[in-house]
Amino acid sequence: MTPLDSTADMLLKLPSDELAASLQVADENTWFDVIERASQVSIDDLGSALKLTDVIVQASGAHCCPHVRALALRARAHTLAYANRLDEAAALLEEALHLARETARDSVIAHVQMTRVHVLNRQGHSQFAADAGRDAMSRYEAAGEKVHAARAAVNLGVVHRTLGDSNSAIRLFERARAVLSADTRIDAQILSNLAEAYLETNRFADAERTFCEARDHFSVLEMSRAVAIVEGNLADLMGRQGRLAEAMKHFEAARCNMPASEAPGDLARLTAEEAEALCQAGLWSDAAPMLAESLHLLDECGLLHEAARSQLSLAQSLHRCGRREQSGKALEDAGQRIALLDDQRLVARLEQVRAALAMVDGDTQQAEAALERALLALGEAPFERRRVQMSLAWLAMQRGDFVRTEQWILETGSTESTDLTPLRIDMAHLQGRLALAQGNLEQASHHFVHAVRDLERIRGSLQADGLRSAFLGNRLTLFDDLLDVLIQRGTQDSLAQALIVSEQARSRSLVDSVSGALPAPAATSDQDADLEHALQLRSNLNVLYSRVPDYASVPDSLAQQIDQAERSLNDTERRLSVSRGLATILAPEASFDEVKNLLPKGCTLVQYAFVHGTLHAIVIDATGHIHVRTSLTDEACLTGLIGEWHFQITRSMTYEIDDLDDIAPDSIHILQHLYDLLFRPIVDIIGEASHIHLVPHGVLHGIPFHALHDGESYLLDRFCLSQTPCATLLRHIDVAHIPNREAHNVVVIGFADQAAPAIDQELDNFSAQFPGCLIRRGADATSARILEESHGAQLLHIASHGRFLPGSPLGSGIRLADRWLTVRDFLGLRLDHALVVLSGCETGRAAVDAGDELQGLVRGVFAAGADALLTTLWPVHDESARNFMQSFYVSPRNTDAAASWRAALLVAKATCAHPARWAPFILLAAPSRECS
């Protein structure tokens with residue numbers, strides 16, 4: 001450190017008033033060094049730099065030398081630009097440039113122009129920025145200032161990147177490194193820019209290596225903000241390659257390093273990029289509010305390019321969430337923004353979003369025109385062009401123009417060796433569609449299988465449960481296409497593979513949770529704050545859920561609060577999952593042979609599957625052969641019938657039990673119609689089977705299969721039935737039994753009130769049937785009791801009010817003395833293969849998300865480790881519940897739960913003809929071996 005440097009450092013440590021006073025008497029050299037040192041502080045400590053440069057600018061107002069004032073203004077503008085206060089920076093730079101030109105000093109003019117390059121480029125004035133950069137570099141070169149000329153080359157390279165000329169940018173960065181690489185700080189900044197240029201030219205391996213080198217330099221220098229920016233860039237790179245798990249990990253690292261109070265613009269850009277990664281995963285509803293929030297901050301900070309990109313993603317997210325009008329407005333605003341910027345990449349991206357939205361709306365002509373405009377804007381950008389060409393190939397495929405489809409596929413080129421997995425998946429899917437359309441089933445199957453394999457590889461890398469579920473749910477058409485091909489081929493081998501594919505596309509996130517494929521290692525001390533925050537958010541949610549009326553719709557204001565709280569908790573839980581490390585395994589779907597061997601003798605499995613909206617049934621008969629019945633009905637027809645069934649249930653609630661016989665035929669008529677659609681086509685396959693295990697799909701999860709009627713009797717009368725959300729779950733659950741009378745590992749929780757007084761009688765009956773059981777009732781029936789005492793129970797019986805919240809299914813639950821016990825609470829239990837009985841209204845209802853993921857108490861109970869769940873599909877009468885439960889537990893001890901359930905249903909059916917009273921109880925369990 002030189003003496004002058006020492007003087008500058010000492011002056012900058014003075015209080016503001018003393019610094020100002022010292023500068024009033026300082027010579028020019030001291031001024032120059034103080035200004036330069038203050039400008040450098042921006043990189044390490046932006047808050048201090050803002051204070052220092054403010055004092056320096058104020059003090060420079062009294063200085064007689066205009067070049068000192070110009071450099072002071074330039075230092076202040078440089079610091080403001082770091083803080084994303086671009087408009088203020090630009091105004092100061094115009095004044096500084098005017099003063100610098102008055103002095104006619106090339107070095108001063110060049111310094112000001114250097115800073116103008118950065119600010120003008122970020123404001124969207126890239127051509128003006130390029131002019132300023134060339135002016136600065138030529139002045140430095142003329143003066144023989146190689147170091148400053150190299151720094152100008154870096155700034156000019158950034159502008160070239162913005163203008164879409166990344167190859168020129170790479171040459172400028174490499175030229176600058178030859179001069180500046182000895183300075184680790186400057187070299188790290190150049191490496192970061194060089195990596196971004198590599199990324200833009202699709203040199204992904206070079207980009208990743210260079211980003212990591214820059215990050216390591218910044219880490220050694222303890223420049224956390226710079227580390228955060230590079231981590232964000234690494235995340236963006238990983239996202240483009242489909243490495244979503246690694247992208248999320250880098251986003252979390254960036255968030256931890258980013259000083260939010262000092263750089264709101266950078267944090268907003270990071271949030272927007274993370275939201276775009278969530279869009280890739282299919283979490284559109286999570287991404288939309290993040291994009292809206294980041295857009296507001298990006299506008300405030302004057303980050304025009306970033307704001308335009310964010311608004312494009314927002315338009316697409318809103319469209320995918322069904323908010324068409326808002327999406328159109330966002331897209332129109334994005335177009336207006338981009339028209340003011342000289343950025344052809346953004347123009348191309350705008351046209352691609354327009355095309356994507358037009359394709360969703362079925363307007364192929366408009367989509368094709370937008371994609372053609374995107375190609376023109378992209379020039380020779382290879383990766384982006386391949387994306388657009390593939391979209392054009394899909395359009396041609398959709399129109400049935402197979403010749404044009406093949407031409408576009410050839411122009412896109414081979415994707416076999418690319419490390420861009422999403423591109424490879426899309427190409428294989430498209431090639432499979434083309435082969436299928438041309439009647440080549442074997443070739444179509446080959447391509448679809450490869451696409452599914454790559455898709456599963458990405459899904460298996462995702463740590464967070466929500467990411468896995470959304471990623472799969474966003475790509476279900478691929479599984480539908482593969483299922484379609486396998487069913488058309490019709491051989492025993494292809495049908496066995498169809499069963500596997502059907503399993504791959506349903507309840508995978510639930511199976512991952514049950515199997516332990518989503519490990520939850522102990523939190524580190526760094527995660528303690530996030531864990532505490534998550535617990536607080538859960539507590540806040542429980543308070544909100546307790547305010548939801550029992551039997552009325554949720555008020556709009558409360559629904560908005562719940563929605564916001566759910567989003568905050570989902571975000572926190574996702575971050576916790578990501579920060580714990582990458583997942584490396586998937587719970588594999590059960591094979592045909594495994595499913596067959598899990599079925600007891602005499603049991604037939606019926607697995608329903610919607611393929612492109614049409615229902616098929618895959619059946620393994622009692623001899624172990626597999627069959628398929630295609631085109632049973634369509635989803636729209638079933639949805640209408642289920643709506644009629646729910647109307648009959650609601651209607652029955654207004655009748656006294658003695659009057660229900662009069663209206664029972666109306667309900668039975670609907671159940672006959674459902675039987676004709678769902679069961680009659682497979683009767684010949686079932687043959688003499690004694691037991692049927694059902695695996696529903698989509699809307700069928702809400703159907704009481706045991707109440708389907710063939711015109712003479714119910715299925716319940718003829719068969720022993722069982723049901724699970726997917727066949728693979730059979731691998732992880734055992735046959736559940738009614739415990740021995742003297743068992744001490746039976747836990748009963750009951751909370752009665754005036755609306756349900758029979759709950760107390762239900763508990764009294766229980767006490768008589770299981771003398772050794774542990775009963776908690778009234779004020780003792782608390783959430784803490786369940787959390788403490790359910791572990792190790794063979795049977796957990798909860799009798800209370802239940803409710804299902806369609807708008808917030810994770811808030812569905814059971815009322816206890818202190819609060820509602822929600823789905824998330826069940827996820828925190830350790831049920832250790834227990835039989836769980838939820839004796840309350842609608843405890844078996846669930847929202848069915850993409851990928852056939854059930855969101856409700858069913859999911860919570862099985863994910864917590866239960867073997868079986870007895871629950872209800874609709875509101876149940878208090879006395880009916882008490883009587884049914886008494887019959888259920890009267891069976892001989894160690895009876896299979898499925899056999900006890902059937903026996904209790906037969907008793908209930910004998911007391912009331914109307915299915916609404918006896919049929920709400922369903923059992924999700926492994927097939928009973930007693931019925932066979």
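Here are a few notes on this predicted model, point by point.

1. **Ground rules.** Since this is a predicted model, local features need pLDDT of at least 70 and side-chain atom pairs count only at pLDDT 80 or more, while totals for chains, interfaces and linings use all residues. Residues are numbered from 1 along each chain as its sequence is written, and side-chain values use heavy atoms, with hydrogens and water left out.

2. **The five-stranded sheet.** Let's start with an open sheet of five strands, in the order β3-β2-β1-β4-β5, with mixed pairing. β3 (626-634) and β5 (720-723) sit at the edges with a single partner strand each, so one side of each has no neighbour in the sheet. On average, neighbouring strands here are turned by 25 degrees against each other, direction ignored. As for the words: strands (E, at least two residues) and helices (H or I, at least four residues) are DSSP runs, numbered from the N terminus, and two strands pair if DSSP finds at least two bridges between them.

3. **A closer look at β2 and β3.** Strand β2 (residues 614-620) pairs with β3 in the antiparallel sense, over six bridges. If you want a spot to look at, find Ile618, which stands opposite Val628 in β3. Helix α32 (residues 635-652) packs on the sheet and touches β1 (603-611), β2 and β3; contact means heavy atoms within 4.5 Å. The direction of α32 makes about 70 degrees with that of β3. Axes are lines fitted to C-alpha atoms, for helices over the stretch in contact, and angles run from 0 to 180 degrees between N-to-C directions.

4. **Tyr140.** This residue belongs to helix α8 (residues 126-142). Is Tyr140 buried or exposed? Tyr140 counts as buried because its relative accessibility is 0% (buried is under 20% relative accessible area, exposed over 50%, partly exposed in between, with a 1.4 Å probe and protein chains only). Leaving aside neighbours within four places in sequence, its contacts include Ser107, His111, Met114 and His148. Tyr140 and His706 lie 566 residues apart in sequence and 85 Å apart in space, C-alpha to C-alpha.

5. **Arg215.** Now to helix α12 (residues 204-220), where you'll find Arg215. With 19% relative accessibility, Arg215 counts as buried. Apart from neighbours within four places in sequence, Arg215 is in contact with Val227, Val230, Glu231, Leu234 and His250.

6. **The three-stranded sheet.** There's also an open sheet of three strands, β9-β10-β11, with antiparallel pairing. Strand β10 (residues 813-815) and β11 share three bridges, and Gly813 has Thr822 as its bridge partner in β11.
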